[in-house]
Amino acid sequence: MSDPTTMLLAASAGAPDSSVAWLLQVPLLPLLACLLCGLFRAWGVTSKLPGYTTVLLLAVAFVVTLSGYLSFGGHGAQVVHGFDWLRVSWGDGPGETLSAGFSLYIDSLTWLWMLFVTGLATLIALYSTEYMAEDQKTGGYARYFSFFSLFVFMMSCLVMSDNLLLLYLGWEGVGLCSYLLIGYHYTKPSAVAAAKKAFIVNRVGDLGLALGLMLTFVHFGTLEYREIFARLAEIQAVVEAGGSAPWQVELIPLLLMVGAFGKSAQLPLYVWLPDAMEGPTPVSALIHAATMVTAGVYLVARFLPMFALSPAALGTVAWVGAGTALLAATIGMAQYDIKRVMAYSTVSQLGYMFLGLGVLTATGAAYHVFTHAFFKATLFLACGAVMHGFAGQLDLRRLSGLAKVPGWRVTAVAMLVGCLCLAGFVGTSGFFSKDMILAEAFVTPGPGYRLLGWIGLATAGLTAYYAFRVYFRVFHGPVEFHAGEEHHGDDGHDDHGHGFHPHAPGWAINLVLIALVIGSLAAAAPYFIDKEHHGWVGGLVHSSTAGEIVRASAGHGEAAAHAGEAAAAEHGGFFGDPHRWMFLASSVVGAIGILLAWVIHMTGRVSADRAPIADALKARLRPWSTLAEKKWLVDELYDALIRRPLRLLAHILALIDQALVDGLVDGVGFAPRLFGKSLRPSQNGLLQNYAVGMGGGLVFILLVVWALS
Amino acid sequence: MSEKLALLHPEMVLFAATCVVMVLGLARSAVWRSACAWLTGGALAAAFVLALRSPVTDGLFPHFLAYTKAMIAGVALLILPVMSGTVDRWYERRVAKGAAFDALRVTRGEFYAFFLLSVTGVMLCATADDLIWLFLALELTSLPTYIMVAISTPRVRAQEAGVKYFFLGALAAATFLYGFAMLFGATGSTSLDAITIQFRGEGLSTIATLGLVMALVGVSFKIAAAPMHFYTADVYQGAASPVSAFLAFMPKAAGLIVLIQLLATVGWSWGEAGDALPDAIRVALWVIATLTMTIGNTLALLQSSAKRLLAYSSIAHSGYMLVGLIAGPGGTVARNGLAAAMFYLLCYGVMNLGAFAVLASLEVRGRDGEPAEADAIDDLRGLFRVRPGLAWAMTLCALSLLGLPPLLGFWGKLVLFTSAIGAGEIGLVVVMGLNSAVAAFYYLRLVRASMLDERDPDAERPIVTEALGRRLAAGLSAAGVVGVVVFASTLQSASHAAATPNPRYDEFLKVEAPARQSPPAATPTARHN
Amino acid sequence: MTTDHASYLPVLLIVLMAIAFAVGNIVLSRLLGPRREGAVKATTYESGMDPIGGARKRFNVRFYVLAMIFLVFDVEIIFLYPWAVSFAHVDPRSPDGALFLGRVLFFLFTTVVAYIYAWRKGVFRFE
């Protein structure tokens, strides 16, 4: 890899290349799918056509992405110009033209994200063709796939954009799709509430992103990555020479970070994600686990060069990440709804990724995004299969021993593999990616980063515990299950076999589960591919803007003292210093977690809802166990501190509006009406009057011209 | 000469189609008769493609033709489906039931032929480089529309509107023809290039100024600007809605193009900074623009008829476009007022058509029990319950006409504002801003009626016409108002390219134009001194 | 600029003369002309038959249409005269000549289209 500055300059100098214009198909194919499904909805298509159309087009998008990667993967940054999307100028000088093209900025970071976004989207769309089949008759099927494809389009805009504005469009677009899909069952009040919550909480984050975007434009005079990165390289050179970065460059990352925290569900904006599980499960898998929620990670990784210049932002990212990881893990331990456990585990794992970014291991963060996308999709889709088969039943106290029920073997294996990866069991993909982050936390200098490492390690243990708590409760123990509330047959209180027959997953669900299991396991392989950069993902990150800046920044400021150590850590390879004992430590912690889950939930288990040790522990640990089950009362806190005061303010403002503003508006409307009324007689419909008016008007204008010149 | 013919390819196609359509409309077979509309559409599509391939000229605006003609053909293509079911509806139904066919009673062929002829006229205005050509093109645009108005619907009101339109149009034509004559008198030539040379070399004589102002005022009839605006409301209301939609765009486009051609002869190189029109012309346009915006918007406030409301809104929008003409061609997209006006014309064409198309899609039962066109704003009430799609189309188009971001109208207005600010016309910007605010009142009435209001329980609900094309056009326009926004910058760049002056125009004038100039000795000019 | 105005003096004079001539004639005839009233003087045609029936008689619209068609073709033929006279001075084989010919052929083509249209419309049919 060449010197970072020259590479960035080369990237910024590279003119838009038209020979790669075919890459525009990647965002446009999902858009086409969206429009087609919309048409199918309008035509009232009730077959599976919308689903298969979506799968086909997304698969083509994946193939295009893959061939694009194979052709241009190593070519550095490229810009593909689509068309001028927005160009507003109010003057001729620099910074007086706001221009944002529909253009793609393609470097290895883009490839990494797009490969798993399009790949997983294709698989999950295939899964959905079966999962959503019940809605075919109502037209919800086409609507679902239309939103689904729109999401993929928006996600590609977000990831592939070459400027912040198109990224913002994608950012809002995925938020919109998320809203639409969480509220997919719009007749269900809880779904509607969850959708609104997701949307509103995200607004807070989006405000930060919007402010960051505006400040970027004010400071840099452009929103295009190439120019921003070129300017950042200059600033970095100044900093390395002993100067200081402008305050804007320190502030922008903080603002962008707020946006990232909203979208990626970090403290204090994480509350929407668990509720978002009201959406159909494939949506949870794709949007709320694998792809959309990693947009925040992408944003920080993309702008890591800027974050590296802002120590405050980096520290905040690391601390918030670790804090979220721990908090979410503690809540996840006490939940009974298995999908909700997965939701909190997502929040927790996203916390890991931010921790990774905060300690400047973009490689670790990106690799964790990559592995997490696979194993979390696996977990959610396995949960979805259970939910689908047991009429919406998700309570782990009402399901047990499913591994022994015929037809559920694939699901059980998928769940096991997913849990192993999530727990970071030795040799699984999650193991390598999580360790990369933790090891880096211990060696990277920063405010209390060593403590963060310990928090991360403890959280890893908790993660292993709650993952296997779900697995042991639901798939092992005595065979027992009850239908969920969506079952409309005989009452579900009876044991299995009386009135309720779960339907085992069909070919599409099983096929996708198998593919994802293979994917989750194979996601460990890239670690061994490119050893020089800690794996294939590391290679990708290193050749992107993120990787180069990380390496360059290792030598500046307070980090200088530890530069040698960090560099040794980076280049030590597989058996390097921190990673080696981290492998050991986390293997032990993970194993302890799993073992604890076994002891607590399997010993003396008599029925689905009775696990003596677990129940005893819960009683002993009151009130903490209850508080954790009630999510530490965060929602109630927000309600009291934010929602109620805001409502009061709204009522006061409404009164002011009615009394003052309305009166003012009515008054202003009066004058033009009066003027109009005075003109009214001129329009009396008589031809001769009109002719006189035209002639008179001509004379009037001639007189005015004559008088004034 | 042959290179001049190359400029006319779109017009040729349209004229050829006119000849065929006129005769085809008299065919005995109903199938052949119904082919008129399809043939018209085909010709327009071909013209659109040919227009995009228009050659670059040596004139003042080398890329003017491609954007302008493509816009005209494109909007005409959008207007065409609204025209479905406008003429011969009842007669064709009788023929289908077995009545004998009488060629004297059908007007379909003539209607579409006039449609095409008028569009041809607008395109010829863009190609014109001579005052006489300009006059003929303007009349070719207008004459067919007089008849289209009269035959658009078998009601007395339409014929009244047609007659009014014809007489007042003749008066306006006389005015600008008189202006043209004075221009010829003052400069000794009818060639626009020769007139430009004259103006650049020797400035504007009094006669030339007088002629130019009269021409501007006369042409303002075509764009429905004050003081020639009186006909607008009566004619738009009297004509069938599809024809009103046509009138609101095609003559306006022709007028705007002619205004640009005329103003380009004096150029925007006067005033203190050397970037404005000559004072006299600027004052005249200032007065026209201010009056037009204000009269249009304030009168629109009082209307209870949606068609009259849209007519006054059409007046107001002409005022906005004139602001761009005053600002002139600046160097950048933001400063180029001409480009802003041309782009706004396109935006206006799309969004206004949508509003008219929604009205055209609706019918109410008239007093005689026959279905009549929806006209009153009250006819729109409760539309959302009956036809949510149409209600949405009306809402989007009305909000876009109002200039609400992020819809198309906003982007159109934005460049008008930036160009006027760039040209230092702050007064006009203020007037335009105030007028845009006033406009919100009446556009929101359309929105409220169609989306929020409930229909009175005893009143009859609007019926939707069986003419699918009208709904199609409404949907396409609404989609355009939202969707074209994505390409707004691309279109703005295109309009900017179209209205960017040729840097080598002076050389061209030196070489080319004197040769074309007619011998000047015969007419009295200011050459003696 | 004053000379500019002065050059229009002849035009102004002609306008004034025209007005003076018209006004003068009316005034003069009123002043000089004899004025006699009587029953015979009041008849419609002083030196002819008394008209029978009203003048507002309806004619078939076809008369008007036919008259207009005739007018159109008549005027078009008139246009051909100056063309024919000029064509004698142009070499028909030169590009200019081809264009000259092309123009009139186009003109005739439009006439033919109009003729076909009128024919199909049934203008020439009397039933």
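**Briefing: chains A, B and C of a predicted model**

Cys383(A) is buried, having 28 other C-beta atoms within 10 Å; a residue counts as buried if 20 or more other C-beta atoms, placed from the backbone, lie within 10 Å of its own, as exposed if 12 or fewer do, and as partly exposed in between. The model is predicted, so local features need pLDDT of at least 70 and side-chain atom pairs count only at pLDDT 80 or more, whereas totals for chains, interfaces and linings use all residues. Residues are numbered from 1 along each chain as its sequence is written, with chains lettered from A and ligands numbered from 1 in the order in which they are written.

**Around Cys383(A)**
- Helix 16 of chain A, residues 362–389, holds Cys383(A); helices (H or I, at least four residues) and strands (E, at least two) are DSSP runs numbered from the N terminus.
- Leaving out residues up to four places away in sequence, Cys383(A) touches Thr281(A), Ile338(A), Lys339(A) and Met342(A); contact requires C-beta atoms, placed from the backbone, to lie within 7 Å.
- Gly418(A) is 35 residues from Cys383(A) in sequence, and their C-alpha atoms are 11 Å apart in space.

**Contacts between chains**
- Two pairs of chains are in contact, and chains A and B share the most contacts.
- Chain A gives 34 residues to its contact with chain B, and chain B gives 42 residues.
- On the side of chain A that touches chain B, two or more residues each come from strand 1 (78–89), helix 28 (634–679) and helix 29 (687–708) of chain A.
- Helix 29 of chain A supplies the largest share of that side, 13 residues.
- That side of chain A has 19 nonpolar, nine polar and six charged residues, where Ala, Val, Leu, Ile, Met, Phe, Trp, Tyr, Cys and Pro count as nonpolar, Asp, Glu, Lys and Arg as charged, and the others, Gly among them, as polar.
- Chains A and C do not touch, with 15 Å between their nearest C-alpha atoms.

**Strand pairing in chain B**
- Strand 1 (residues 362–365) of chain B is joined to strand 3 (residues 463–464) of chain B by two bridges and runs antiparallel to it; pairing requires at least two DSSP bridges between the strands.
- Within this pairing, Glu363(B) has Ile463(B) as its bridge partner in strand 3 of chain B.
- Three bridges pair strand 1 of chain B with strand 2 (residues 371–373) of chain B, also in the antiparallel sense.
- Arg365(B) has Pro371(B) as its bridge partner in strand 2 of chain B.

**Chain C**
- Chain C has four helices and zero strands.
- Of its 127 residues, 1% count as buried.
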